[in-house]
Amino acid sequence: MNSSILTIENLNVYFDVFGGSVSAVRGLNLTLDHNESIGIIGESGCGKSTLSYTIMRYLAPNSRVTGKVMFREDNLLEKTEQEILAFRGNRIAMVYQNPYSSLNPALTIGFQLDEVTRFHQKASKEKAREKSIQALTSLNMGDPEGLVKRYPHQISGGMQQRVCIAMALLCQPDLMILDEPTTALDVTTEAVILDLIRDLKDKYAMSLMYISHDIGVINKVADRIVVMYSGEIVESGPNEELFAHPHHPYTRALINCIPREGLVKENFRLNTIPGYVKQRGTDEGGCPFAERCSMKVAGCIERYGMREVGEKHAAACDRAYAADVADSFAKLKVSRSKQHADHTKPILEVQDLYKHFGKKRKIYAVNGVSVGVERGTVLGIVGESGCGKTTMGQTAVGLYTPSKGRILFNDTDISVSWKKRSPEMLKQIQFIFQNPGRSLNPSHTVEQIISRPLKKLMGISSREERKTRIIKMLEQVGLSEEYLSKKSSHLSGGEQQRVAIARAFCLSPGLIICDEPTSALDVSVQSSVLNLLGDLQAETLAAYVFISHDLHVINYISDYIMVMYLGRVCEYGTREEVMQPPFHPYTEALLSSVPEIDPSQKKRKIRLGGQLPDPAKKIRGCPFAGRCHMQIGTICETQPPPLVKFSDTHSLSCHLDFPDAVREPAGEATG
């Protein structure tokens with residue numbers, strides 16, 4: 001048997017657009033062996049997804065393709081539409097980034113799974129259902145018989161993604177392509193799915209092509225990493241070798257963009273890559289990264305080209321650590337002073353906050369949360385989806401009203417809807433949403449978007465005065481005056497998020513609630529947004545509530561961290577207290593699930609089984625009981641955990657015995 005399952009030779013993909021043709025993939029050569037897994041990384045626009053769609057023959061009609069895509073002995077590019085059907089799903093399967101758009105909301109999960117084997121393998125209805133249940137069982141999904149009768153909206157995002165993987169596995173394909181399948185998932189769910197993918201690869205002797213912009217995620221599933229930029233492969237090699245000795249400046253820049261242990265906002269700025277990935281014309285040549293590269297020299301163009309730089313390690317450049325260029329990482333050291341932060345009085349106080357939804361069937365979203373946020377500091381809130389962190393933030397900003405408890409801002413009670421708050425209070429508390437594309441009006445220009453709050457809340461009637469303020473704010477967030485006339489729909493994700501940040505800061509607020517503002521961004525854009533938030537806070541002394549499921553991001557940006565689970569606070573403390581032991585078992589599980597960008601670092605795996613408890617049911621004991629790897633007995637299920645205090649700033653709720661800690665009685669068990 002030929003060891004290579006996929007061989008790509010001199011692949012070029014062009015798209016004919018208004019004004020000419022653009023090159024999406026250029027001169028690409030790649031080999032994938034039997035039972036091998038490779039990871040493909042790069043920013044948005046680098047051609048990763050175009051490569052996968054070319055293999056599947058899913059390209060748009062305006063595309064032109066040259067070269068060869070050999071699957072075993074068959075050139076997929078020469079197959080007719082009828083012939084390619086024998087490969088899609090049956091021998092080559094693909095899992096997409098968004099499970100919501102991959103599953104039909106009007107059909108049951110069982111029907112959609114059955115359809116795969118009935119179409120590709122002509123199985124009977126009974127045999128198809130049997131295989132569907134087997135596939136769900138192999139992915140450790142409880143009650144598969146009941147699950148097949150449900151609709152996609154009746155299960156969580158993590159379960160939806162597992163259904164998509166089960167769908168891809170049904171025909172036991174030789175090759176599975178995964179296009180960022182965990183981007184929108186919690187770290188705990190992501191860790192389980194990545195482990196599952198690795199196990200399934202070995203079980204079924206499949207080859208994997210895993211696409212992502214996060215090298216930490218790639219390290220968990222891939223044996224070899226391929227770095228793409230502007231449609232070309234610029235470096236490839238074994239994951240440990242690539243991390244330890246990157247040769248291409250782009251590879252090194254991507255690695256340095258990612259927050260990690262030891263990097264905090266007070267001491268370091270994150271590495272950023274200036275500019276963005278540009279579309280290249282068909283006649284453009286040379287190094288595609290040269291325009292953004294801080295290490296380019298006159299001879300770069302002549303020397304550009306893939307060559308061996310180590311065992312199974314190839315790169316198109318060897319200047320990642322050029323001796324004639326100062327180490328950019330050393331330049332990133334900063335000193336953001338917090339001497340003006342007010343540590344005596346919180347700007348925001350949340351007192352015993354509860355938020356319930358529904359009447360007949362109550363959903364207990366937030367259950368007795370108390371926390372304060374000081375001026376000039378960042379409170380990071382971390383936890384899985386459904387833990388109540390976004391609900392708490394939206395209640396603080398006035399999108400919801402509390403069911404019980406109080407919210408104080410500068411000693412003023414604001415436990416009411418935003419409609420009943422004064423313009424001054426609306427101006428003082430701003431919200432940055434997770435998806436900038438959906439929070440900005442696509443039919444309005446940037447000037448109109450930022451101008452509206454200036455007019456409505458600050459009463460600035462003069463357009464010229466508003467325009468002057470907007471230009472100044474755009475410059476602060478790294479955008480120029482030319483963006484005034486651009487519509488938000490014409491901007492990249494990073495540019496849209498900068499506009500959203502500019503809109504929030506233009507009112508000089510005292511508090512900004514950031515709801516996962518970097519989760520959907522490339523690592524390079526994420527680092528620039530985090531740097532920007534750090535710089536603006538140092539200038540304005542605004543307080544942040546920063547919501548995220550990424551503990552590396554939380555560790556970098558936060559001064560205090562609150563870990564939430566099922567509407568309650570598991571652990572609270574300063575960044576150093578929460579990120580170092582002793583941990584609450586849930587905090588420990590979250591930390592163990594975070595993908596490490598250094599593949600040589602091995603840490604204890606703690607995988608949480610099952611799902612979050614039903615938020616509509618009353619819980620007598622600890623809400624984490626049943627999933628906890630350190631559960632000590634029935635006491636965890638029958639009695640609320642006591643509050644364990646380690647210091648004035650550090651506490652957690654747990655039945656475990658922690659020496660040298662003060663235990664206080666548990667509060668009321670609700671929700």
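1. Buried, as used here, means under 20% relative accessible area, and exposed means over 50%, with partly exposed in between. The model under review is predicted.

2. The structure holds twelve aromatic pairs. One of them is edge-to-face and joins Phe71 to Phe87, with 6.0 Å centre to centre and 90° between the planes. This pair links distant parts of the chain, 16 residues apart: Phe71 belongs to strand 4 (residues 63-71), while Phe87 is in the loop between helix 2 (81-84) and strand 6 (92-95).

3. Phe71 has a relative accessible area of 0% and is therefore buried. Phe87, at 7%, is buried too.

4. Phe357 and Tyr400 form an aromatic pair that is also edge-to-face, at 5.0 Å centre to centre and 75° between the planes. Because Phe357 lies in strand 14 (residues 342-357) and Tyr400 in the loop between helix 14 (389-397) and strand 17 (404-409), the pair ties together parts that are 43 residues apart in sequence.

5. On accessibility, Phe357 has a relative accessible area of 27% and so is partly exposed. Tyr400 counts as partly exposed at 29% relative accessibility.

6. The ring of Phe357 has a further contact: the charged end of Lys355 sits over this ring, 5.1 Å from its centre. A contact of this kind involves Phe119 as well, where the charged end of Lys122 sits over the ring at 5.2 Å from its centre.

7. Finally, Tyr229, Tyr250 and Phe289 are linked into a cluster by ring pairs.

Methods
Residues are numbered from 1 along each chain as its sequence is written. This is a predicted model: local features need pLDDT of at least 70, side-chain atom pairs count only at pLDDT 80 or more; totals for chains, interfaces and linings use all residues. Side-chain values use heavy atoms; hydrogens and water are left out. Rings of Phe, Tyr and Trp (its six-membered ring) pair if their centres lie within 6.5 Å; planes under 30 degrees apart count as stacked, over 60 as edge-to-face and the rest as tilted. Helices (H or I, at least four residues) and strands (E, at least two) are DSSP runs, numbered from the N terminus. Buried means under 20% relative accessible area, exposed over 50%, partly exposed in between (1.4 Å probe, protein chains only). A charge sits over a ring if NZ of Lys or CZ of Arg is within 6 Å of the ring centre and within 35 degrees of the ring normal.
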